[in-house]
Amino acid sequence: MNRLDIQLPGLDLKNPIMPASGCFGFGREFAQLYDLSKLGAIMIKATTVKPRLGNPTPRVAETPAGMLNAIGLQNPGLEKVMAEELPWLERYDVPIIANVAGSTTEDYVEVARRISTAPNVKALELNISCPNVKQGGITFGTDPVVARELVEQVKAVSKVPVYVKLSPNVTNIVEMAQAVEIGGADGITMINTLIGMRLDEKTGKPLIANVTGGLSGPAVKPIAIRMVYEVYKEVDIPIIGMGGVSCVQDVIDFMSAGASAVAVGTMNFVDPFICPKLIDELPAKLDELGVKHIKEIIGRSHRP
Amino acid sequence: MIQQERMTVVRQREIAKNIFEMTLQGQIVQEMTPGQFVHIRVSNLLDPLLRRPISIASIQKDSNEFTVIYRVQGRGTNVLSQKQIGDEVDVLGPLGNGFPVDAVQEGQTALLVGGGIGVPPLYELSKQLNDRGVRTIHVFGFQTEEACFYEEEFTKLGETYYVTNDGSKGFKGFVTDLLNELKPDFDVFYSCGPLPMLRALSSMYENKKGYLSLEERMGCGIGACFACICRTEEGQEKDYVKICSDGPVFEKGVVKI
Ligand SMILES: Cc1cc2nc3c(=O)[nH]c(=O)nc-3n(C[C@H](O)[C@H](O)[C@H](O)COP(=O)(O)OP(=O)(O)OC[C@H]3O[C@@H](n4cnc5c(N)ncnc54)[C@H](O)[C@@H]3O)c2cc1C
Ligand SMILES: Cc1cc2nc3c(=O)[nH]c(=O)nc-3n(C[C@H](O)[C@H](O)[C@H](O)COP(=O)(O)O)c2cc1C
Ligand code: FES
């Protein structure tokens with residue numbers, strides 16, 4: 001019996017573990033290391049209508065138990081992703097979640113309409129939360145009315161279920177979650193990175209060329225857990241949780257707080273085999289917890 | 001093929017001020033070529049978090065050993081310098097594309113120009129070029145005498161010149177100052193070091209064939225995260241390259257530096 005399978009809108013997951021968007025490219029590099037069919041799903045790098053060259057370098061800086069990044073959504077653009085990356089991924093038996101980004105509603109709608117027709121794209125992840133692009137992105141992610149309207153428009157054209165990726169850079173994350181749920185979102189993915197800065201010790205100047213960057217890695221996990229916990233109580237759509245996952249206990253924590261599946265971002269850079277390792281380690285962890293199927297722990301923090 | 005391996009420290013010593021030479025043993029040595037690098041996780045803890053990119057300085061395939069030479073810069077390299085013989089180190093590699101040793105023929109001359117901590121990858125390169133019957137000239141720039149290393153090793157392989165900014169060892173000034181006086185006769189140059197040096201060399205030897213090893217801040221080290229991007233010069237096939245997986249070595253004129 002598979003003790004790890006999870007069913008979510010559009011997604012038949014062998015297990016609840018998937019690499020997070022932007023930390024796995026389009027899978028090619030990690031495919032040199034292990035069989036991608038092992039993964040529950042793959043969240044591919046953000047795709048925009050036109051290719052984007054991204055921000056100047058340095059784009060990354062290390063912080064205590066974390067890192068800042070300001071990649072700037074560099075990607076080869078919709079045409080190339082449709083013509084080269086997605087067909088290449090078809091050799092693997094793994095559902096793809098396409099991360100959709102843009103600076104205008106039209107951009108999002110265009111990418112969503114086209115990318116949702118790819119046979120292996122089983123769900124979209126609307127990235128309304130990238131802190132590293134000057135326009136769009138984050139404004140969609142901080143204003144509940146704007147976010148709801150965007151989701152409605154994308155839902156109207158998408159052939160597959162739409163998940164919305166929430167930004168933690170808001171005062172009230174529950175309000176954002178509720179807004180996208182009303183807009184018709186099929187699920188929520190959370191959290192994206194937290195806006196941060198690091199200064200050069202000698203000059204006092206920002207280390208990242210973009211000045212600010214998004215904080216990720218183990219350092220952000222307590223915030224992510226808190227947000228998943230709060231959102232789970234107030235919405236009825238499923239959550240894919242992420243933010244600092246580095247070990248199997250973190251997976252259990254996210255699922256206990258209310259996530260139905262878990263994405264791993266930054267730790268793929270530290271241990272490129274982390275996803276398959278977590279998948280292999282989960283059954284023993286379930287034994288330890290005395291549960292038969294991983295579903296049983298979803299939301300257990302909230303039980304009386 | 002890229003692999004992750006827990007390699008064993010077989011030697012570690014300080015060879016100049018804050019400069020360490022560490023030799024590691026393991027299977028992935030068999031796959032290494034000069035100019036490639038490894039990505040080292042210095043601790044199993046979550047801080048320091050990211051791997052550190054370090055060049056391969058020499059390869060001993062018969063004993064499954066390779067050597068890195070690194071400067072203690074910040075937390076990561078400091079932790080690395082504390083490793084004792086017998087300790088295990090988590091190594092991902094070999095990564096990237098190294099120096100093309102076959103860009104120069106037997107009987108020809110290669111000029112190897114290094115700056116500071118850019119010198120190490122030139123050592124394995126020089127060994128392999130000499131093995132192929134190529135004459136090598138080495139010109140290395142350092143801040144000061146205390147930071148210089150491997151003089152004996154390089155001198156065994158070919159003509160070797162040291163340049164220091166303060167004149168405490170060898171010629172005083174920059175490597176390009178010495179090269180202007182030396183006017184060496186060579187067929188191909190290979191270089192690794194600070195950007196201003198690479199820029200100066202590229203314009204000085206505009207009509208020569210040359211290869212440059214570049215550096216950039218990295219996330220993954222394998223081409224997946226888009227952290228280490230550099231724009232290319234006009235007329236190249238692609239608008240950008242990834243230093244980690246397309247480089248770190250590029251032919252002169254490919255990358256905008
Ligand atoms: C392809 C490549 C090959 C290299 N080879 C060597 C070598 O052979 N010997 C050597 O001494 N150094 C080498 N470096 C530089 C070396 O990676 C840095 O000195 C080292 O990462 C510093 O880590 P730290 O923790 O001591 O310093 P910190 O300043 O504490 O590091 C903080 C973060 O910044 C990154 N970082 C800091 N300096 C650099 C740098 N110059 N380049 C890239 N990332 C940096 C670190 O990796 C880390 O993520 C190489 C760099 C690259 C990209
Ligand atoms: C280098 C890097 C690039 C990222 N790119 C994207 C992206 O393109 N789209 C997106 O929605 N999130 C992106 N993210 C955010 C991650 O998907 C994830 O939400 C966040 O990093 C938190 O998870 P972690 O702590 O496990 O990394 C990126 C993160 C990093 C570190
Ligand atoms: S470091 Fe990730 S792409 Fe080069």
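## Exercises on a two-chain model

Between chain A and chain B, 8 residue pairs are in polar contact, with both residues at pLDDT 80 or more. That cut-off matters here, as the model is a predicted one. Let's work through it together.

**Exercise 1. Describe the side of chain A that touches chain B: which helices and strands contribute, and which residue classes are found there?**

Step 1. Begin with the elements. Helix H1 (28-31), strand E5 (60-63), strand E6 (66-69) and helix H9 (267-270) of chain A each give at least two residues to this side.

Step 2. Now sort by class. The side of chain A that touches chain B holds 16 nonpolar, 9 polar and 6 charged residues.

Step 3. The contact draws 31 residues from chain A and 27 residues from chain B.

**Exercise 2. How much area do chain A and chain B bury between them, and which three residues of chain A supply more of its share than any other three?**

Step 1. The size of an interface is often given as the accessible area lost when the parts come together. For chain A and chain B this comes to about 2,500 Å², with 65% of it on carbon and sulfur atoms.

Step 2. Look at single residues. Glu62(A), Phe269(A) and Val270(A) account for 24% of the area that chain A buries against chain B, more than any other three residues.

**Exercise 3. Find salt bridges across the interface and within chain A.**

Step 1. Start from the total: the count over all chains is 27 salt bridges. Across the interface of chain A and chain B there are 2.

Step 2. Check one pair by distance. A salt bridge needs the nitrogen and oxygen within 4 Å. Lys242(B) and Glu29(A) meet at 3.8 Å, N to O, and form a salt bridge.

Step 3. Arg3(A) and Asp287(A) form a salt bridge at 2.9 Å, N to O. Arg3(A) sits in the segment before strand E1 (6-8) of chain A and Asp287(A) in helix H10 (residues 274-289) of chain A, so this pair links distant parts of the chain, 284 residues apart.

Step 4. Take another pair. Lys221(A) and Asp253(A) form a salt bridge whose closest N and O atoms are 2.7 Å apart. This one links helix H7 (residues 221-234) to helix H8 (residues 248-257) of chain A, its two residues being 32 apart in the chain.

**Exercise 4. In what order do the 7 strands of the open sheet in chain B lie, and which are the edge strands?**

Step 1. Read across the sheet: E4-E3-E7-E1-E2-E6-E5, with antiparallel pairing.

Step 2. Find the ends. Strand E4 (52-55) and strand E5 (58-60) of chain B are the edge strands, each pairing on one side only. Neighbouring strands are turned by 35° against each other on average, direction ignored.

Step 3. Zoom in on one pairing. Strand E3 (residues 37-41) of chain B is joined to E4(B) by 4 bridges, and Val38(B) has Ile54(B) as its bridge partner in E4(B).

Methods
Residues numbered from 1 in each chain as written. Chains lettered and ligands numbered in written order. Predicted model: local features only at pLDDT ≥ 70, side-chain atom pairs only at ≥ 80, totals over all residues. Heavy atoms only, no water. Contact = heavy atoms within 4.5 Å. Buried area = accessible area lost by both parts, 1.4 Å probe. Salt bridge = Lys/Arg side-chain N within 4 Å of Asp/Glu carboxyl O. Polar contact = N/O pair within 3.5 Å; in protein donor to acceptor, adjacent residues only side chain to side chain. Nonpolar A, V, L, I, M, F, W, Y, C, P; charged D, E, K, R; others polar. Pairing = 2+ DSSP bridges. Axes fitted to C-alpha atoms, helices over the stretch in contact; angles between N-to-C directions.
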